[in-house]
Amino acid sequence: MEFIVGRPADTSENEAKRRIDSIKSLYRNQCDEQGVDYWKPISLTYARKIARGEQNPLIYNVSHMGKRDQYHASEDFFIFRQLQRVGVNLVADDPFALQRGEAVVKQLFQEQIDKAVAQAIRDVRSKYPELDEPPVVPDDPSTAELTTFHEALRQFRQYLLETSPKTEAGQLIDNRRKRRDQARWLIETHDDIPLWQLNKTECQKLVSYWGNRPETKKSKRCSNSHSKHMIACLTAFFEWCDESDLRWNKPKGKLDRTILKLPQDKKNNGFGQIGPETYKVHQLAQLAKAADNQGKLILGLSLNCAFGAAEIGRITAECFFSGVHPHAELLNLDSTPDDWFCYFRWNRPKSDVYGEWLLWEEVIPLVEWGIDRAKNVGQDRLILSKRNRPFYRDHAKNKQTSFANWFNALRKPFLSDDFPAHPFGTLRDTLPSILRHEYSQEISSVCLAHGETGSDSLIECYTSRPFGKLHTAIRELKGKFQPVLDELVVT
């Protein structure tokens, strides 16, 4: 099909190109819409109008019968909307006639839907006469959201993938990655239902399921924390559905988000109030004796600085300084030229906290060994795998797996009734627990680098956080850990 899109005398080259592009777009859209590969008469009519350069938007002339009769107007409404769907920019010369036609179409659709629903109910009742109650149907089937619960959850997961903050490596930040996993678990756990059936009662059932702490695959009731996170995911999903293009509104009123408390919960178990269980000093000494140099460095930093895998795994040579502390007088600290300090500003989603720890003299040679080893293999981080790759995997789903595997292997030969299987994370609890009981909760909190500082200036950090008291306490507590420190010898 050929079109004349103007003459050089009265049509610019850009205008001619615009008309050609509009005609091509119209043809592609009408072919896709109607599954054909040729011009439909009504589309061709408007393609010729575009070629002639008629005003934009084009005028749709409602038929004479459509202007007089609402049922004929419904035909004009169908044609008008079809042209709009394939990309024709239109306005009607009689918009009120089209409104009357649209009302007729809606009425016809509603009648067809009502008949179909009634017939479906009759079919179900005849096939299943034992049903006491009729099937539930939406108040207005014509406006019911046809998307299902599972389909909406999949859209929610895609939304999180496309809109969530990313790390420098392009990975989702941890809490958003976990939220996507939680949405997947909801799909795997709950039956699929039409979204229109998700009223307040059904929403409460979903929340209460997790509030009741269901059994895991290991036949144990899930943790309070897991239930809390799953309920938070449901709440976020409800909010997203309410604000999305889906025809679903969040039920009014609050949902009961109570989480069941179980006897095995630590905080309800009498002595659970005392705090986390940790290894005894003689048990730690056994582990230190069996560890290699890197293992000793990990143990030393865990005990000396209350570090976990995320801290130890990201330690570099730049995290240490030695000599008399530059702010010793301000800190009221008796510092010497032989002192070593470790400092860190945590890269956490919820805080940006400066922390600083005096090192015990037995830990210093291990740090020097780690710095030399990292330099020799061309790495920044001190804790490395056998292939000289970082132990802490920033971009992995489970970043701390290497530490857990290493610690499980180290303690395995010692496990017995007298040697508990506390996880690796309990090592960092050892020093803060003693600090809290023998010094103060504030010093324990500073040791764990909790809270936020008001400024990035180190001077202001020192004036607001008692690092001098922490360093003094670490020095004074060295004797309690001497059996372990005696085993932290570089081999």
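The sulfur of Cys203 lies 8.8 Å from the closest cysteine sulfur, which belongs to Cys241, and this is too far for a bond, a disulfide being a pair of cysteine sulfur atoms within 2.5 Å. By this rule the count comes to 0 disulfides. The model is predicted, with local features needing pLDDT of at least 70 and side-chain atom pairs counting only at pLDDT 80 or more, while totals for chains, interfaces and linings use all residues. Residues are numbered from 1 along each chain as its sequence is written, and side-chain values use heavy atoms, with hydrogens and water left out.

**Cysteines**

- Cys203 counts as buried, at 0% relative accessibility, where buried means under 20% relative accessible area, exposed means over 50% and partly exposed lies in between (1.4 Å probe, protein chains only).
- For Cys447 the closest cysteine sulfur is that of Cys305, at 7.7 Å, which is too far for a bond, and Cys447 also counts as buried, at 1% relative accessibility.

**Overall form**

- The secondary structure of the chain comes to 20 helices and 5 strands, these being DSSP runs numbered from the N terminus, with at least four residues (H or I) for a helix and at least two (E) for a strand.
- The chain has a radius of gyration of 35 Å, well over the 23 Å that the globule rule gives for 491 residues, so it is more spread out than a compact globule; the radius is taken over C-alpha atoms, and the rule is 2.2 Å times the number of residues to the power 0.38.
- Along its principal axes the C-alpha trace spans about 100 × 75 × 45 Å, and 41% of the 491 residues count as buried.
- The C-alpha atoms of Gln119 and Gly468 are separated by 81 Å, the two residues being 349 apart along the chain; Gln119 is found in helix H5 (residues 95-127) and is partly exposed, with a relative accessible area of 36%.

**Helix packing**

- The axes of helix H1 (residues 13-34) and helix H2 (residues 41-52) come within 9 Å and cross at roughly 170°, the axes being lines fitted to C-alpha atoms over the stretch in contact, with angles from 0 to 180 degrees between N-to-C directions.
- H1 and H2 are therefore roughly antiparallel to each other, since angles over 145 degrees count as roughly antiparallel, under 35 as roughly parallel, 65 to 115 as roughly perpendicular and the rest as oblique.
- Among the residues making this contact are Arg19, Ile23 and Leu26 of H1 and Tyr46 and Ile50 of H2, where contact means heavy atoms within 4.5 Å.
- Helix H7 (residues 174-189) and helix H9 (residues 224-243) pack at an angle of about 85°, with their axes 10 Å apart, and H7 is thus roughly perpendicular to H9.
- The residues of this second contact include Trp185 and Leu186 of H7 and Met230 and Leu234 of H9.

**Backbone features**

- Most residues other than glycine have a negative phi, and most peptide bonds are trans.
- The peptide bond from Asn56 to Pro57 is cis, with omega near 10°, and Pro57 is found in the loop between H2 and strand E1 (58-60).
- Arg213, although not a glycine, has a positive phi of about 55°; Arg213 is placed in the loop between helix H8 (200-211) and H9 and is buried, with a relative accessible area of 2%.
- Asn332, not a glycine either, has a positive phi of about 55°; Asn332 is placed in the loop between helix H13 (328-331) and strand E4 (340-345) and is exposed, with a relative accessible area of 69%.
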